[in-house]
Amino acid sequence: MSAPLLELDAVSKKFRRPMSLGDRIAAKLGGTVVPHEVRAVDGVSLSVSHSETVGLVGESGCGKSTLGRIAAGILPPTSGVARLDGKPVMSEGRHPHKLTTRVQTVFQDPFASLNPRRRIGDAIAEGPVAHGLVDRAGSRAYVADQLSRVGLDPSYASRFPHQFSGGQRQRIAIARALAMQPDLLICDEPVASLDVSIQAQVLNLFLELRQSLNLTAIFISHDLGVVRHVSDRVAIMYLGRIVEIGPTADIYAAPKHPYTQALLSSVPRLNRRHEGRRAFKPIAGELPSPTSPPTGCHFHPRCPLAEAQCRSVAPELRPMGLTHWAACHLAVKT
Ligand code: SF4
């Protein structure tokens, strides 16, 4: 087996919460101020092989976007290491120059990532020209190729971002990322702000590009239904930890972790008789605050199966099959 392209090795990320007014008053009066840290990512290990797409799924605030930014070299980990082809993505908090072209990210809001005053042809050409992937003279043809590849007319290069729909802007964001010829593409909720029909078009585009370009990708979403058709493997995150990971077919056919089961039952589906949307169960309770996560298994306050040990002992990821792992005291192999 070849070495993975991306390796996240026991990666953690803590953020320090800014002092509130109450904290500042307490500090002035000589009281005790407890520093509040948010452990957004808590000891995550994950590898992504060449040409593989891994879906990273969890509710908003579970740490999946932070993990994506660490993998992209946008954020340094507090501890642990992210490696691309065996080399640290970040060293001493700096992004090594050569890696900047190797990992590209597509974000949820394509409008925010495009300068409204720049023609999209210039926005797409900027990075490849700056990094010597194409010279200025060849950039026009290069941009035309990138636009065609994502299903847009090359003549659109002279237009501005506001002249495009949300779905078209996301295609432009994908074209701009791929123009950098990345080894790894990180898609962070790329369809979350789009209508369902447009979501399907962008997901189909991703699938086509994945096959034709042999893409290696991390696809981040809060929606298990979205990642199902684009991922080889799926990792489920809850409060900074991966609680289940395995081949996509196994996760959907036989989820082992109660949180994965709850996420799956919260995905609306059409029933067999196509009578409309089947009733779905939203996940009970709120996501606890990451500043003071529950003891033991973080999911225990919301878990219908929780028992005494769940409140005190954090479950480790255990094998449920050859390539399927779950972190639940009660999960059993089938
Ligand atoms: Fe539920 Fe316990 Fe499993 Fe956590 S370890 S998911 S609380 S059964």
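User: How do the residues lining the largest cavity divide by class?
Analyst: The lining has ten nonpolar residues, three polar ones and no charged ones, where nonpolar covers Ala, Val, Leu, Ile, Met, Phe, Trp, Tyr, Cys and Pro, charged covers Asp, Glu, Lys and Arg, and polar covers the others, Gly among them. Please keep in mind that this is a predicted model, in which local features need pLDDT of at least 70 and side-chain atom pairs count only at pLDDT 80 or more, while totals for chains, interfaces and linings use all residues. Residues are numbered from 1 along each chain as its sequence is written, and side-chain values use heavy atoms, with hydrogens and water left out.

User: What volume does the largest cavity have, and which residues are closest to its centre?
Analyst: The largest cavity holds about 90 Å³ of space. It is lined by 13 residues, of which C297, C303, C310, C328 and H329 are the closest to its centre. A cavity here is a set of points, on a 1 Å grid over the protein atoms alone, where a 1.4 Å probe fits but cannot get out, and a lining residue has an atom within 4 Å of a point. Grid points are joined across faces, edges and corners, and the volume is the space filled by probe spheres set on them.

User: Switching topic: which residues touch the most other members of the largest nonpolar core?
Analyst: Among the 55 residues of that core, L185 and L224 do. The largest share, six residues, comes from helix α5 (residues 166–178). Domain 1 (1–20 + 35–102 + 183–270 + 281–334) and domain 2 (111–181) both contribute residues, so the core lies between them. There is also a second, separate core of 29 residues, with L46, L67, A72 and M237 among them. A nonpolar core is a set of buried Ala, Val, Leu, Ile, Met, Phe, Trp, Tyr and Cys residues joined through side-chain atoms within 4.5 Å, with buried meaning under 20% relative accessible area, exposed over 50% and partly exposed in between (1.4 Å probe, protein chains only).

User: Which residues does L224 touch?
Analyst: Leaving out residues up to four places away in sequence, L224 touches V57, V234, I236, Y252, T260, L263, L264 and V267. T260 sits in helix α9 (residues 258–265) and is buried, at 0% relative accessibility. With that sequence limit, T260 touches L224, I236, E244, I251 and P255.

User: And Q170, buried or exposed?
Analyst: Q170 is buried, with a relative accessible area of 0%, and its place is in helix α5. Not counting residues up to four places away in sequence, Q170 touches V106, F107, Q108, P110, P190, L194 and V202.

User: Why is α2 described as largely enclosed?
Analyst: Seven of the nine residues of helix α2 (residues 64–72) are buried, so the rest of the structure largely encloses it. The buried ones are K64, T66, L67, G68, I70, A71 and A72, and just after α2, G73 takes a positive phi of about 80°.

User: Where is L239, which has a positive phi without being a glycine?
Analyst: L239, with a phi of about 45°, is in the loop between β9 (233–238) and β10 (241–247) and is buried, at 5% relative accessibility. N214 also has a positive phi, near 55°, and lies in the loop between α6 and β8 (217–221), but N214 is exposed, at 52% relative accessibility. Most residues other than glycine have a negative phi.

Notes
On a 1 Å grid over the protein atoms alone, a cavity is a set of points where a 1.4 Å probe fits but cannot get out, and a pocket is an open set with protein on both sides within 12 Å along at least five of seven lines; lining residues have an atom within 4 Å of a point. Helices (H or I, at least four residues) and strands (E, at least two) are DSSP runs, numbered from the N terminus. Domain bounds come from an automatic or database domain assignment. Contact means heavy atoms within 4.5 Å.
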